[in-house]
Amino acid sequence: RRTKETAQFIEHDRLQHTWDNGDVGEWLQFRPRARRNLDELYAGVCDGMTYKEIEEVYPDEFARRQDDKLAYRYPRGESYMDV
């Protein structure tokens, strides 16, 4: 969401390019493109919760995440290693 908000302030120039075969085409730099792999981790059952809420509701999961943030996988969610 933040990326899209910021992108509106960046000028998106239209460039004309001539290909080797003589064809001419217009190219728009910085075309908006959603990239799922750049989203935040999907936190499964904890999605939408703050770390404080996770600590209160799922104290064991919170402790496991604190021990190994790289490999920790949220219940029904994903880890950094997954993405």
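Modeller: Let us begin with a polar contact of 2.5 Å, which joins the side chains of glutamate 61 and tyrosine 72; a polar contact is a pair of N or O atoms within 3.5 Å, where within protein one must be able to donate a hydrogen and the other to accept it, and where residues adjacent in sequence count only if both atoms are side-chain atoms. This is a predicted model, in which local features need pLDDT of at least 70 and side-chain atom pairs count only at pLDDT 80 or more, while totals for chains, interfaces and linings use all residues. Residues are numbered from 1 along each chain as its sequence is written, and side-chain values use heavy atoms, with hydrogens and water left out.

The side chain of glutamate 61 also makes a polar contact of 2.5 Å with the side chain of arginine 64. Setting aside neighbours within four places in sequence, glutamate 61 is in contact (heavy atoms within 4.5 Å) with Tyr72 and Pro75. Glutamate 61 counts as buried because its relative accessibility is 17%; buried means under 20% relative accessible area, exposed over 50%, and partly exposed in between, with a 1.4 Å probe and protein chains only.

Glutamate 61 has its place in helix H3, which covers residues 59-67; helices (H or I, at least four residues) and strands (E, at least two) are DSSP runs, numbered from the N terminus. The buried residues of H3 are Glu61, Phe62 and Arg65. Because they cover an arc of only 100 degrees around the axis, they are on the same side of H3, the arc being that of the directions from the helix axis to the C-beta atoms. These buried residues of H3 pack against helix H2 (51-57), whereas the face of H3 turned away from its buried side carries the exposed residues Asp60 and Asp67.

Phe62 leads us on to the nonpolar core. The largest nonpolar core has 6 residues, namely Ala43, Cys46, Ile54, Phe62, Tyr72 and Tyr74; such a core is a set of buried Ala, Val, Leu, Ile, Met, Phe, Trp, Tyr and Cys residues joined through side-chain atoms within 4.5 Å. In soluble globular proteins, nonpolar side chains tend to be buried together. Leaving out neighbours within four places in sequence, isoleucine 54 is in contact with Cys46, Met49, Pro59, Phe62 and Tyr74.

Tyrosine 72, where we started, and tyrosine 74 are both buried. Rings of Phe, Tyr and Trp (its six-membered ring) pair if their centres lie within 6.5 Å, and planes under 30 degrees apart count as stacked, over 60 as edge-to-face and the rest as tilted. By this rule there is 1 aromatic pair. Tyrosine 72 and tyrosine 74 form that edge-to-face pair, with 5.1 Å from centre to centre and 75 degrees between the planes.

Tyr74 also brings us to glycine 44, which touches Tyr74, Pro75, Arg76 and Gly77 when residues up to four places away in sequence are not counted. Glycine 44 lies in the loop between strand E2 (24-28) and H2, and with a relative accessible area of 9% it is buried. The C-alpha atoms of glycine 44 and arginine 76 are separated by 4.5 Å, although these residues are 32 residues apart along the chain. Arginine 76, found in the segment after H3, is exposed, with a relative accessible area of 76%, and it has a positive phi of about 60 degrees although it is not a glycine.

Buried residues make up 17% of its 83 residues.
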